[in-house]
Amino acid sequence: MPELPEVEVTRRGLAPQLAGRVISAVEVREPRLRWPVPQAVRKLAGRTVRAVLRRGKYLLVDCGDGHLILHLGMSGSLRMLAPGTPAQKHDHFDLVLGDRVLRLRDPRRFGAVLWTKDAVHAHPLLANLGIEPLSRALDPARLYALTRKHRAPIKQFLMDGRRIVGVGNIYASESLFRAGIDPRTPANRLSLARCARLAKAIKDILRAAIRAGGSSLRDYVGANGEHGEAQSRHRVYEREGQLCRSCGAKIRRLVQGQRSSYYCPRCQK
DNA sequence: CTCGCCACCTGGGGGC
DNA sequence: TGCCCCCAGGTGGCGA
């Protein structure tokens, strides 16, 4: 599920349900996530949640004297439930806030639940993150400058969180299609004009996905857990062999950095 | 520094 | 039905 749009919509769904509320209990059923869930997380009861923030794909729960850091990995999801809702397989972590429970489910356990008392942006996992794609920091000149030193294919550059955060495997392919750029193009061979096109494409694609995920993801966070509608909007992702909706050519798949990339050989040069 | 690759983990789907 | 292989929305860490 989780690329930037889903994490952001999750954040928007959670924030009003968590902010201002007191943590009454914590339950860790399975501490073996990407990193062991630290003992401090089990001792959060009594703290008041001030805000829920996002940095890249990390969710940051501001508890006043520290932050709970959540990451959904490849398969994680968060839901608000009524207390006493039976935990199912892969429901590893609960944050209980009186009459509501925030529950983390993550079959593959690539996600994380961490705690830091220090300035959260100085945390080792956050300190070296790249720019937020929906902020003004991502503009044509900045993208052009960032790409200059990188000979790696632009698809892999986009997915490198040390340059730009939040663009995952789906939206890297979708953004490159929208910008008309071949995913194999070396990053440092993009002109300023193409960087401008790409920066705008990334913002447009992510914003549209947030809007599309909005309604379904509100349910997702609140109760059900069904997939959003973003899937039906994909132009190239997981469409190998199907026809390009713009030109009719067959969409192709290739492997870059052990991840699938999808592109239209006619629309993307 | 950048890069290429492996690792972590579970589950679903297809071929035989 | 079972087995085996491939694939999956992330990303830290390794050696070159």
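For the class counts below I take Ala, Val, Leu, Ile, Met, Phe, Trp, Tyr, Cys and Pro as nonpolar, Asp, Glu, Lys and Arg as charged, and the others, Gly among them, as polar.

**Ground rules.** I am reading a predicted model, in which local features need pLDDT of at least 70 and side-chain atom pairs count only at pLDDT 80 or more, while totals for chains, interfaces and linings use all residues. Residues are numbered from 1 along each chain as its sequence is written, chains are lettered from A and ligands numbered from 1 in the order in which they are written, and side-chain values use heavy atoms, with hydrogens and water left out.

I looked up the second largest pocket, whose volume is about 240 Å³. A pocket here is an open set of points on a 1 Å grid over the protein atoms alone, where a 1.4 Å probe fits, with protein on both sides within 12 Å along at least five of seven lines, and lining residues have an atom within 4 Å of a point; the volume is the space filled by probe spheres set on the points, which are joined across faces, edges and corners. Twelve residues line this pocket, and Glu174, Arg178, Ile205, Arg233 and Arg235 lie nearest its centre. By class I noted six nonpolar, one polar and five charged residues in the lining. Helices α5 (169-179), α6 (192-222) and α7 (230-233) each supply at least two of the lining residues; helices (H or I, at least four residues) and strands (E, at least two) are DSSP runs, numbered from the N terminus.

**Helix α5.** I then checked burial, where buried means under 20% relative accessible area, exposed over 50% and partly exposed in between, with a 1.4 Å probe and protein chains only. Ten of the eleven residues of α5 are buried, so this helix is largely enclosed by the rest of the structure. Glu174 is one of the buried residues. After α5 comes Gly180, with a positive phi near 70°.

**Sheet.** I traced an open sheet of four strands in the order β1-β6-β7-β5, with antiparallel pairing; two strands pair if DSSP finds at least two bridges between them. Its edge strands are β1 (25-28) and β5 (77-81), each of which pairs on one side only. β5 is joined to β7 (residues 100-105) by five bridges in the antiparallel sense, and I noted that Leu78 has Leu104 as its bridge partner, while Met80 has Leu102. Both faces of β5 are covered, with Ser77, Arg79 and Leu81 buried on one side and Leu78 and Met80 buried on the other.

**Single residues.** His67 lies in strand β4 (residues 67-71) and is buried, at a relative accessible area of 13%. Leaving out residues up to four places away in sequence, I found that His67 touches Leu53, Leu60, Val61, Asp62, Leu114, Trp115, Thr116 and Val120, where contact means heavy atoms within 4.5 Å.

Most residues other than glycine have a negative phi. His90 sits in the loop between β5 and β6 and is partly exposed, at 28% relative accessible area. Gln258 sits in the loop between β9 (252-256) and β10 (259-263) and counts as exposed, at 74% relative accessibility.
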